[in-house]
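Hi,

Here is the structure I promised to pass on, with the sequence alongside. My notes on what turned up follow below.

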Amino acid sequence: MSFAENEVYILNPGYVMRNDLRRVAIYSGFKFNSMSAGNWESFLHPIHAQVFSFFTFDRPIGLTINLLSQYLKKDVEIVKKILSPFIENPMSVYTKYRDEKVRIPKNVIVNRKQIAGEVAFLNLTPDVFECHGIDLATRRMYTAPRLITFMLNNTCVSNCIYCYADTKTKVRKKLPTGRILELIEEAEAMQVRAVNLIGGEIFLHPDWSVILKKLTDCNLQPEYISTKYPLNSDIIKTIRDTGYVNPVQISLDTCSSGLLQKTLSVGNDYMAKVLHGIKLADSSGLNYRITSVLTKYNVERNIIGKLYNFISELKNITDWRITPAINSNWIDYELFHKLKPDKNEIESLYEFIETEIIPESNIPIQLNRSVINRDFHYCTTGSKDFKGVKCSALNNHLFILPDGKTTICEQLYWLPRFIIGDVSTNSLSEVWNSPAAKKMLKLEKDNIQNDSPCKSCSLFEACFVENNRCWTDIIKAYGKDKWDYPDPRCAYAPPMKYDLRF
């Protein structure tokens with residue numbers, strides 16, 4: 001390891017460390033930078049966090065190493081050897097504790113000069129990361145979720161034929177704004193990474209700007225804001241005045257007004273207002289992108305080509321994202337099946353985009369293939385070996401409905417079996433560790449219906465303990481009364497009643 005002892009080396013401010021009782025969580029924070037890993041999350045042995053805590057001060061690395069030498073009761077040269085894998089490491093590294101990997105992100109300790117802008121030195125001490133027992137295996141966070149989503153309302157400016165959301169449930173008493181602000185402060189104290197805002201339509205909430213401003217002040221601003229609301233100068237100015245800097249995701253499926261009226265149930269002036277709003281956003285300096293959802297109605301080259309012609313004229317758009325419509329628990333399956341594009345149609349369109357549009361485009365274009373290439377009925381070893389992103393439900397994510405009821409997953413909404421608390425009367429911590437949450441985490445065979453193949457499966461305990469079954473896909477595939485059926489990725493799952501494949 002070669003460095004100048006008078007240079008300041010710090011814990012990369014793109015990462016946050018949080019004591020999680022029996023380990024220390026490290027994850028990507030709000031202050032993401034070019035050297036840090038995006039969307040990182042792993043668990044550290046407490047000793048790693050205690051060592052890294054010495055790099056939260058504004059001091060030369062030579063002094064830091066001497067202090068670490070005293071703390072660890074190790075010779076300076078040994079301390080340098082210990083630190084070597086973690087200083088400006090270009091790739092993530094790992095060590096082992098017993099049978100578990102300790103995964104450490106890239107560039108975890110960096111030269112202060114490599115980080116642009118001001119750095120808030122946290123001055124953390126090793127005692128902050130003292131833990132009681134060591135558990136690096138359990139996926140669920142002990143103290144708090146990493147991510148919280150507030151569904152501010154379930155009202156929209158449109159009535160999309162492909163919408164997966166529950167917009168039918170009547171919310172009799174919405175969570176007061178004052179209570180939302182209190183919960184944001186609690187989330188900040190719990191070191192939650194981010195608080196997302198969704199609707200319905202968040203711009204229809206009367207206090208959306210107050211809530212967004214509070215989130216930015218607490219360094220908890222959403223990863224992005226998604227909207228179908230036609231933007232205007234007042235909304236754009238208000239967004240910028242809150243200090244929000246992440247993307248505003250504007251939904252636009254086509255430039256055909258008639259098609260939008262048919263698929264979104266909007267007025268004949270809707271498209272003109274949306275296009276005008278996009279142009280205002282483009283000239284304002286707002287961080288924004290466009291997303292398009294594919295159905296039978298717009299999975300055509302000429303329709304997407306015309307949409308590209310409009311998008312290609314924009315100067316400051318960050319990217320364009322295209323994704324097929326997905327199954328919903330809230331739309332009649334036969335109705336949805338008629339508007340769901342098939343895989344060949346999607347692949348044909350994607351081929352056109354890749355060969356005819358992307359080569360000439362100055363705008364990054366992302367084509368979502370993950371949903372059309374999913375495998376089902378393949379895994380014989382339980383949920384730990386399911387392909388794809390690990391399920392966040394009950395592990396690191398909490399979803400708050402407009403009335404304060406809390407559920408384990410966005411797409412489960414008010415289904416009673418998955419409600420684990422109510423933040424109108426309880427704290428985030430109480431809900432996260434509620435009896436209902438713990439019961440869901442420790443389901444036993446006695447809780448499973450007799451007609452479910454899981455009831456007699458030899459993999460039951462390992463599969464359920466891993467907590468990687470997708471409750472939403474199970475219900476989408478088999479119905480709300482079959483919530484305890486196998487995940488359709490399982491080889492022992494019965495044929496899907498409602499096919500999730502394209």
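**Helix packing**

Helices α5 and α6 are roughly parallel to each other (a label for angles under 35 degrees; over 145 is roughly antiparallel, 65 to 115 roughly perpendicular, and the rest oblique). Their axes lie 9 Å apart and the packing angle is about 25 degrees; axes are lines fitted to C-alpha atoms, for helices over the stretch in contact, with angles from 0 to 180 degrees between N-to-C directions. On the α5 side the contact uses Trp208, Ser209 and Lys213, and on the α6 side Ile235, Thr238, Ile239 and Asp241, where contact means heavy atoms within 4.5 Å. Sorted by class, these residues of the α5 and α6 contact are three nonpolar, two polar and two charged (Ala, Val, Leu, Ile, Met, Phe, Trp, Tyr, Cys and Pro are nonpolar; Asp, Glu, Lys and Arg charged; the others, Gly among them, polar).

Before going further: this is a predicted model, with pLDDT of at least 70 required for local features and 80 or more for side-chain atom pairs, while totals for chains, interfaces and linings use all residues. Residues are numbered from 1 along each chain as its sequence is written, and side-chain values use heavy atoms, leaving out hydrogens and water.

Helix α6 (residues 233-241) also meets helix α8 (residues 270-284), the axes coming within 10 Å and crossing at roughly 40 degrees; helices here are DSSP runs (H or I, at least four residues), as are strands (E, at least two), numbered from the N terminus. That angle is why α6 and α8 count as oblique to each other. Here too α6 passes α8 in a right-handed crossing. Ser233, Ile236 and Arg240 of α6 touch Gly277, Leu280, Ala281 and Ser284 of α8.

The crossing of α9 past α11 is right-handed. From α9, Arg301, Ile304 and Tyr308 take part, facing Ser348, Leu349, Phe352, Ile353 and Ile357 of α11. Six of the residues in the α9 and α11 contact are nonpolar, one is polar and one is charged.

**A pocket**

The second largest pocket has a volume of about 770 Å³. Its lining comprises 34 residues, with Pro13, Tyr15, Val16, Lys31 and Leu122 nearest the centre (a pocket is an open set on a 1 Å grid over the protein atoms alone, where a 1.4 Å probe fits, with protein on both sides within 12 Å along at least five of seven lines; lining residues have an atom within 4 Å of a point). Strands β1 (9-11) and β2 (15-19) each supply at least two residues of this lining, and β2 gives the most, with five. In class terms the lining has 21 nonpolar, seven polar and six charged residues.

**Backbone details**

Gly199 and Gly200 are joined by a cis peptide bond, with omega about 20 degrees. Gly200 sits in the loop between β9 (194-198) and α5 (208-217). In another loop, between β3 (24-28) and β4 (41-44), is Asn39. Phi of Asn39 is near 55 degrees, a positive value in a residue other than glycine.

Happy browsing!

Methods: A crossing is left-handed if the near helix is turned anticlockwise from the far one by less than a right angle, and right-handed if clockwise. Grid points are joined across faces, edges and corners, and a volume is the space filled by probe spheres set on the points.
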